[in-house]
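Dear colleague,

Please find the structure below, together with its sequence. My notes on it follow directly after.

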Amino acid sequence: MSGILCANRGHMDANPLCPERGVMNRPAHVDETIRAAMVQLIRGHAKDTALEHALFSITSSAVELIEGVDFADMLVMYEGEGRSVAPTMPLAVELGTVQLSHQQGPCLDAAIKETLIISTDLREEIRWPSFAPAAVAVGVHAIVSYRLIPQHKATGALNLFSHEPRSLDEAGKTMGALLATMATVAMMTAVREEQFETALASRDVIGQAKGILMNHYRVDADRAFEMLRSLSQHDNIPLRTIALQIIDNF
């Protein structure tokens, strides 16, 4: 793990997850919580080899397990095209679109060139002059992005978003790194390379299904997405499959 997180020892000061800085010396109860969570995730992945479902379980776990994380996604770059994959809220997709449009932002930087990007307060951020104000305008004040090891023709990043600045502690950042490793493993063990294309195409299918639910039940976009997510989790069926079923039956 330290080899991934501290690939460049010359940048150790910029990487708070490097064990050389002592961050890995956490209390025993924190380590036990992390171990238990990882065991649960691994068991879940053993039952389901679908890449899309595995990635969604990771982003969902980030929100559930890491204090201070309000929503999460993965920004995946595939053959020059970028998409938000496994978002836990529609806002993650919107922020990904802003970054791709302006060709700047923490998630994009992590996906393409950096091992780890941390922005504890976007109100004070100078690295992304177009993206940072846009994120703050929609109530996002902190982002942590972890690069995923490139697989096939894809590169990407696991992104954790917070409404409050400086909301992630060191244990939370370490858990994020572990989840990013899980995402890389999921990509490495995907049954077919075509699953990358399926996952990247999910956004359009989910958007259609969400529109159907909004129109039929007179709900807003967030509520429609939550309905899809609840059905997926309750029936243990990939989100894209649920969306396709809705499209086929309405």
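I begin with a pair of helices: Phe225, Leu228, Arg229, Leu231 and Ser232 in α9 meet Leu239, Ile242, Ala243 and Ile246 in α10. Contact here means heavy atoms within 4.5 Å. Sorted by class, this contact of α9 with α10 has seven nonpolar residues, one polar and one charged. Ala, Val, Leu, Ile, Met, Phe, Trp, Tyr, Cys and Pro count as nonpolar, Asp, Glu, Lys and Arg as charged, and the others, Gly among them, as polar.

Please note that this is a predicted model, in which local features need pLDDT of at least 70 and side-chain atom pairs count only at pLDDT 80 or more, while totals for chains, interfaces and linings use all residues. Residues are numbered from 1 along each chain as its sequence is written, and side-chain values use heavy atoms, with hydrogens and water left out.

Helix α9 spans residues 221–235 and helix α10 residues 239–249; they pack at an angle of about 115°, with their axes 9 Å apart. Axes are lines fitted to C-alpha atoms, for helices over the stretch in contact, and angles run from 0 to 180 degrees between N-to-C directions. The two helices, α9 and α10, are therefore roughly perpendicular to each other (angles under 35 degrees count as roughly parallel, over 145 as roughly antiparallel, 65 to 115 as roughly perpendicular and the rest as oblique).

As to the chain overall, there are 10 helices and five strands; helices (H or I, at least four residues) and strands (E, at least two) are DSSP runs, numbered from the N terminus. Of the 250 residues of the chain, 50% count as buried, where buried means under 20% relative accessible area, exposed over 50%, and partly exposed in between (1.4 Å probe, protein chains only).

The five strands form an open antiparallel sheet in the order β2-β1-β5-β4-β3; two strands pair if DSSP finds at least two bridges between them. At the edges stand β2 (81–85) and β3 (116–119), each with a single partner strand, so one side of each is left without a neighbour in the sheet. From one strand to the next, the twist averages 20°.

Strand β1 (residues 71–78) pairs with β2 in the antiparallel sense over five bridges. Within this pairing, Val76 stands opposite Arg83 in β2, and Met77 stands opposite Gly82 in β2. A hairpin is formed by β1 and β2, with two residues between them, and Glu79 in the turn has a positive phi of about 50°. Strand β2 is mostly covered, with four of its five residues buried.

A further helix pair is that of α3 (residues 51–65) and α7, whose axes come within 9 Å and cross at roughly 175°. Helices α3 and α7 are therefore roughly antiparallel to each other. Their contact involves Leu51, Ala54, Leu55, Ile58, Ser61, Ala62 and Leu65 of α3, and Met175, Leu179, Met182, Ala183, Ala186 and Met187 of α7. By class, the residues in the contact of α3 with α7 divide into 12 nonpolar, one polar and no charged.

Finally, Gln99 is placed in helix α4. At 0% relative accessibility, Gln99 counts as buried. Leaving aside neighbours within four places in sequence, Gln99 is in contact with Gln104, Gly105, Pro106, Cys107, Leu108 and Phe131.

With kind regards
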